[in-house]
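Please look at the structure below and follow the paragraphs with it open beside you. They lead from a pair of helices to the side chains packed inside, and then to a group of aromatic rings.

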Amino acid sequence: MRFKRLFVFLLTTFLLLFNSYSFATDSNSNSSLFINSEAAILVDSSTGKILFEKNANQKMYPASTTKILTAILTLENCELTDKATVSYNAVMSVPSGYSNAALQIGEELTIEELLQVLLVHSANDAANVLAEHVGGSIESFASMMNTKAQEIGCKNTHFTNPSGKHDDDHYTTAYDLSLIARYCMKNSTFRYMVSQKTCHINATNKYDERTFTNTNDLLKVNNTNRKDNYYYKYAIGIKTGYTSQAKNCLISASNKDGFETLAVVLGAAQTNDGLSARYIDSKNLFEYGYSNYTIKKLKSKDDKITEVDIAKATKETKKLDLSISQDITVLIKQSEINNNILPTININNNLTAPISKGTIVGKVKYVVDDIEYSADLIAANDVEKSTFTIQLIQIILLLIVLFVIYKLISFKKNKKKRKKLMY
């Protein structure tokens, strides 16, 4: 009996420990990847598929990662050559210790210059100038930000300012930031600006020329072997952030041989060996993505997908090749790269000749890991309408006419014979 109680006690303890371990690993989505940051996410830039997440929907302070939404709103509402004037409020409302570009009250700068110093140097004064220029006031611009965030699909985001200055009511999530970042990176001007290692402001009416270095250490090539060399050769942007409440934050993007991923880490401190967790975590996320996933081209544009018989076509052209309208490149797990992926083909009903080369005649769809990839099916050649039926009808009509004529002639001849017999 004593042994039985001991066995039950040990079994219960084991199950409790096992459940506790399982819960801990679930928070990181995959036990093989440890992330220091409080919240993180890795997504495929093309499809938005989540490749890894940790507390991705937990509300967090975003700090200066906020500025990417400020930038895209500006790009969508201004010309780069427009000019904005620095106001007293834009400069003086930046708290002590927050990054700035030393903009001067009354200084005139182009929108392009302000955007570059906003995204590269994380200048809070530039964020305020842009907000006032676009929205009329910081409060009005914040309302625009929240509207835009909802349009993009954010569910747990609320912004009160354009810079990320701390406010208890200024929050978002790693997932929502990934949505905003994917949206922003579709804009070529934004994409270029966040990839720059430095930016430059020409001399203005108030200040000499200035040059700034990007705050994102993933982009910086350090020619030393120091442990804090965070350079990542596939990195292409995009934005850092820090406040004491938010800790270190980073939205970053990476492109390796055309496979682009986007990572968000929030609430990062230091690793056990004193390194910056936001960079270590981001690099680890990228490597995890590239180790476990890849992109595979299933079909190239103009590849033949199938062949169909077309009604009322000539014998020579009745067999129509259907080709694909564009490349189909899919995101796939490395472990499934050799799997045979079969398409679903939908061809338009009642296809009949004539059909011109290039005409859309259906759709082809591939589903990989619950993501749908589709393209149009187009006619690879002309299909000519057969004239046989028309010729047959013409022949029949001719025979009918000839028959009628024959009957008429016969009728007349018989009529004459009858008349002769009567006389």
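Helix 2 passes helix 7 in a left-handed crossing, a term used when the near helix is turned anticlockwise from the far one by less than a right angle. Helices here are DSSP runs of H or I with at least four residues, strands are runs of E with at least two, and both are numbered from the N terminus. The axes of helix 2 and helix 7 (residues 174–185) come within 10 Å and cross at roughly 35°, where an axis is a line fitted to the C-alpha atoms over the stretch in contact and the angle, from 0 to 180 degrees, is taken between N-to-C directions. Helix 2 contributes Ile68, Leu69, Ile72 and Glu76 to the contact, and helix 7 contributes Ile180, Ala181, Tyr183 and Cys184; contact means heavy atoms within 4.5 Å.

This is a predicted model, in which local features need pLDDT of at least 70 and side-chain atom pairs count only at pLDDT 80 or more, while totals for chains, interfaces and linings use all residues. Residues are numbered from 1 along each chain as its sequence is written, and side-chain values use heavy atoms, with hydrogens and water left out.

Ile180 also has a place in the largest nonpolar core, where, of the 61 residues, Ile180 and Phe190 touch the most other members. Such a core is a set of buried Ala, Val, Leu, Ile, Met, Phe, Trp, Tyr and Cys residues joined through side-chain atoms within 4.5 Å, and buried means under 20% relative accessible area, with a 1.4 Å probe and protein chains only. Leaving aside neighbours within four places in sequence, Phe190 is in contact with residues including Ile68, Leu75 and Cys184. A second, separate core of 48 residues includes Tyr290 and Leu331.

Tyr290 leads on to the aromatic rings, since at 7% relative accessibility it counts as buried, and together with Tyr232, Tyr234, Phe259 and Phe286 it forms one aromatic cluster. Rings of Phe, Tyr and Trp (its six-membered ring) pair if their centres lie within 6.5 Å, and planes under 30 degrees apart count as stacked, over 60 as edge-to-face and the rest as tilted. By this rule the count comes to 6 aromatic pairs. Tyr232 and Phe286 are stacked, at 5.6 Å centre to centre with 15° between the planes. Because Tyr232 lies in the loop between strand 6 (210–213) and strand 7 (235–243) and Phe286 in helix 9 (residues 277–292), this pair ties together parts 54 residues apart in sequence.

Notes. Buried means under 20% relative accessible area, exposed over 50%, partly exposed in between (1.4 Å probe, protein chains only).
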